[in-house]
Amino acid sequence: MTKGIVKGIIANLVMVEVDGPVSQNEICYIDHKGVKLMAEVIKILGKIAYTQVFESTRGLTVGTPVEFTEHMLEVKLGPGMLSKNYDGLQDDLNKMDGLFLIRGEYTDPLDDDKVWRFTPLAKVGDVLTGGDWLGEVPESWIAHKIMVPFVMEEQYTVKSIAALGDYTIQDIIAVITDKDGNEFKLNMIQRWPVKLPVRAYKQKPRPFRVMETGVRTIDTLNPIAEGGTGFIPGPFGCGKTVLQHSISKNADADLIIVAACGERANEVVELFVEFPELDDPRTGRKLMERTIIICNTSNMPVAAREASVYTAMSIAEYYRTMGLKVLLLADSTSRWAQALREMSNRMEELPGPDGFPMDLPAIVSNFYARAGFVYLNNDQTGSITFIGTVSPAGGNLKEPVTESTKKAARCFYALSQQRADSKRYPAVDPMDSYSKYLEYEEVQEYLNKNVSPNWVSTVIRAKDILLRGKESYDQINILGDDGVPLSYHDKFWKSELIDRVILQQDGFDPVDQSTPMKRQRYMLELIMSICDAEFAFETFEEVMPYYVQLINICRQMNYAEFDSPDFAKYEANLQQTVAERKVK
Amino acid sequence: MATQAFQKIYTKLNQVTKATCSVSATGIGNEELATVSGRLAQVVKIMNDSVTLQIFAGTEGIGTDAEIIFFGKPPTLKVSEHLAGRFFDAYGDPIDGGPKVEGEEVEIGGPSVNPVRRKQPSELIATGIAGIDLNNTLVTGQKIPFFADPDQPFNQVMAMVALRAKADKIILGGMGLSNDDYLFFKHAFENAGVMDRIIAFVNTTENPPVERLLVPNMALTAAEYFAVEKNEKVLVLLTDMTLYCDALSIVSNRMDQIPSKDSMPGSLYSELAKLYEKAVQFPDGGSITIIAVTTLSGGDITHAIPDNTGYITEGQLYLRRDTDISKVIVDPFRSLSRLKQLVIGKKSRADHPQVMNTAIRLYADAANAKTKMENGFDLSDYDERVLKFATDYSMEILAIDVNIDIDKMLDTTWDLFKKYFTKAEVGIKDEFMKIHWVE
Ligand SMILES: Nc1ncnc2c1ncn2[C@@H]1O[C@H](COP(=O)(O)OP(=O)(O)OP(=O)(O)O)[C@@H](O)[C@H]1O
Ligand SMILES: [Mg+2]
């Protein structure tokens, strides 16, 4: 093993003189008075390895010994990750003692003594490769597949496989041999270097199914595909985190991985507290049973912040290879980019725009490319849908992280300060935002088949009304209420009807916070029928009160359980009010 | 600080810049404390045997033959009950003429709380100010700044909030405080008869700017002692964080770091987060709540300091002079308390969230009507009514000198709704209309 000695320290950048070979991204441990501080090699210049330390370097001295490990930063994968709370390096936070995090304390992400009921899926003689299924164990409600480790990329023959029974993750459950007859004994644990994408699948087609999130402004207006990518940029306080939390509560996914990356600890505590209590609207199980939280809050070491998104992605890839629908949420990817910037500055690299590393766009797009819908080797499907938030400096979307992400992600949910200020939540701007998936023929086909026959054209019509409403509003503002034809007021208020009833959604109301697709269809078609109607108005002053009345009734509908007597009552009231003025 | 036998002493400097100096030395720890010609300094960089120190009081007059004494430890504070009622400088030395405080010596800027050991904040802090309690309710364990123009009375409002907040301890971290403001705080606390609950760490404009870098961590280390060891509710006031950031940029620029936006260091977000994230609710009842002041230059919140702060804190409060009523109000549009939903409608009346949102929506309509009026357009009947509503709402609810409890704030707002609007215009859930809209 290569050893080294600390030669220089600038914050968490530590220069180490090495006595043998080292590799880029290799992990080493700095032995600070008996406390081992984990670090990653990020640059090598001659005999000097530049390492970023995942801990505080307070008190560290030149001359401290360092040991290299010959492996990169890895995740430890196996049954038992569900419902866990990990830090960015996959330490189990619940296993740590005391109120405060202790430097150099690393805990096991898995539980060695837990017993799992193993059912073999492969047979002796089967020829398998990395990612193929050997057997399964029930992990909470998921049939957790035990796979040939991803790092084993050759073809292997199953020599023996454990019978149905109870095993710990350390017990050998299969023996496989390579073409030269070398034997490999496998237990339920495998490791994977987080910075590399897992490629244990056959094919990655264009996504073609839609993933429901329960958020109307997404599902109805700009749906995200299962296996798709999206991002939410927005100035502080505009609702990125609330929107992601809503998605995590309501999305139609088997498994949700939340990477809290350099954001507030209290927001993660909210998940810790709420998720074990809240029901998954689809299965009735507790939300926590389908959730893994990776948490590197802003006060935790910066280098581990960068690691956290990769840790989360690797765990997502692991579960995808089991044939599951995984939703990965990262808040905020800007903090990860800033972590890169801090290190790059300390290494005095030539900075790109705003001091970010030159290769930021490539780093971001490589990361987003790890999401996707896949056909596994056994023709089953799995997916990772990824939605990241971006926190643009000064709220200006023309900054490097937003621009890099815009190139990489297919859905763009721009939060607008103006909407947030007027409490039009979620503050997703209906004009600026887009979903490229809505242009995919296969997605259009899927929507028209699964939601409603003319769904896509209805959605496009709704968007047109919103646009025309905005144009009318601008004209009214320039020319004055009575300086424009009456129809301008009508157009504006029809767009308001869509905005306030469909787009705006109360993230904190038990009913309104999540809308199943069936209900979204019902409401959009109802609202569009009103938008298609012509109403009799004498003066512009009659327009607003009338629409406000309609909006008010519709909002009461939004607060009522779908198909409940209350809902029906409000709807009857709505139809009556519409009939009062409708001319066509 | 007295010299002790085991301390390492050097007398040859290799380099001196405006805030830092370098010396050849071995066995020195990162972030270790030292004195250079008697001035306190801290290790910020080590390269082979060259150690770079940041000198808090500045390097004016430091010679290459200056005596450097290393302490073998990072900055510390002695914590005990005796901190209560005392005023200190940035180094934790008394400035009130009293004796040094004895107690356990702890490193400042210590480790972070394990997130799974935190408790979700859930205790409402009542201040009597409707712009806060009604619209931007504060919760123990929260961190929130005032974004204020330098000429606004932010220190006065902050002192008022602190004194009404029923905290067990109020810890003031003053950075670049003018002497007048320092005395204002001192007198405000004395007059309120709460000196036994006050602890202050103060760097005034008369002290060197780089010293400020120690102040927040001193205050927060003291806060952790009372919140963790004594399970007390601690309120930390940090003013002015913009001056703290300016000091950060002085040091990083002297160290030839590549500045990012607005000549602030690229690590500004992490540096600020490390401080603000000390705000916490502990399971055993202790808590640290941080109320800070970030002064703006020309009201620009896209500047790196307020921008990074906004991304870290749990909301922000803006003061504004409402010219219609000639009073200072907490601006209902841009102000936000992110934690309010943990308590409103739960620790306060169930109609609180809806009443709050509706009033702000109507207030926004008034702002639109005002624009219309200024542009010379005719006002509709609705416009006239929202404008009247807005004036009453400012006067009876938002003005900073109104001091009432939350139920009263809600009742008053309902009265204004009824006075100016129809049920449909108000548009609150029927269940609340039934209770509160009695004609
Ligand atoms: N859908 C919503 N319904 C009601 N209130 C909302 C909604 N979205 C956001 N808010 C309000 O806005 C506040 C800020 O939202 P959030 O924390 O999601 O912002 P953010 O964009 O993540 O900000 P930051 O970048 O600082 O993390 C919330 O605390 C809440 O008060
Ligand atoms: Mg957020």
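**Lys372(B) and Asp383(B)**

I started with a salt bridge in chain B of this predicted model: the side chains of Asp383(B) and Lys372(B) meet at 2.7 Å, N to O. My rule for a salt bridge is a side-chain nitrogen of Lys or Arg within 4 Å of a carboxyl oxygen of Asp or Glu. Asp383(B) belongs to helix α9 (residues 381–398) of chain B and Lys372(B) to helix α8 (residues 352–374) of chain B, so the pair ties together parts that are 11 residues apart in sequence. Helices (H or I, at least four residues) and strands (E, at least two) are DSSP runs, numbered from the N terminus. Buried or exposed? I checked Asp383(B) and got a relative accessible area of 7%, so buried. Lys372(B) counts as buried too, at 18%. My cut-offs: buried is under 20% relative accessible area, exposed is over 50%, and partly exposed is in between (1.4 Å probe, protein chains only).

**Ground rules, noted once**

Residues are numbered from 1 along each chain as its sequence is written, chains are lettered from A and ligands numbered from 1 in the order in which they are written, and side-chain values use heavy atoms, with hydrogens and water left out. As the model is predicted, local features need pLDDT of at least 70 and side-chain atom pairs count only at pLDDT 80 or more, while totals for chains, interfaces and linings use all residues.

**More salt bridges**

How many salt bridges are there over all chains? My search of the whole structure gave 62. I looked up Arg335(A) with Glu263(A), whose side chains meet at 3.0 Å, N to O. Arg335(A) sits in helix α5 of chain A and Glu263(A) in the loop between β21 (255–261) and α3 of chain A, so this pair ties together parts that are 72 residues apart in sequence. Both ends came out buried: Arg335(A) at 0% relative accessibility, Glu263(A) at 5%.

Back in chain B, Asp415(B) forms a salt bridge with Lys418(B), with the closest N and O atoms 3.9 Å apart. These two are 3 residues apart in helix α10 (residues 406–420) of chain B, about one helical turn. An α-helix has 3.6 residues a turn, so residues three or four places apart point the same way.

**Where chain A meets chain B**

I counted 73 residues of chain A in contact with 75 residues of chain B (contact: heavy atoms within 4.5 Å). The two chains bury about 6100 Å² between them, 53% of it on carbon and sulfur atoms. That area is the accessible area (1.4 Å probe) that two parts lose on being put together, summed over both. Which residues supply the most on the chain A side? Arg58(A), Phe236(A) and Arg264(A) give 14% of the area that chain A buries against chain B, more than any other three residues.

The count between chain A and chain B is 4 salt bridges. In a salt bridge of Arg58(A), its side chain meets that of Glu107(B) at 2.9 Å, N to O. Several elements of chain A each supply at least two residues of the side that touches chain B, including β1 (3–10), α4 (302–320) and α10 (455–479). With 7 residues, α3(A) gives the most to that side.

I then went through two sheets, calling two strands paired if DSSP finds at least two bridges between them. One is open, with 4 strands in the order β12-β11-β9-β14 (chain A) and antiparallel pairing. Its edge strands are β12 (142–147) and β14 (165–168). Strand β9 (residues 115–120) pairs with β14(A) over 4 bridges, and Val115(A) stands opposite Thr168(A).

The other open sheet runs β10-β13-β15-β16 (chain A), again 4 strands with antiparallel pairing. In it, 4 bridges join β13 (residues 156–161) to β15 (residues 174–177), and Thr157(A) has Thr177(A) as its bridge partner.

Last entry: helix α2 (residues 240–250) of chain A has 10 of its 11 residues buried, so it is largely enclosed by the rest of the structure. Among them are Leu243(A), His245(A) and Ile247(A).
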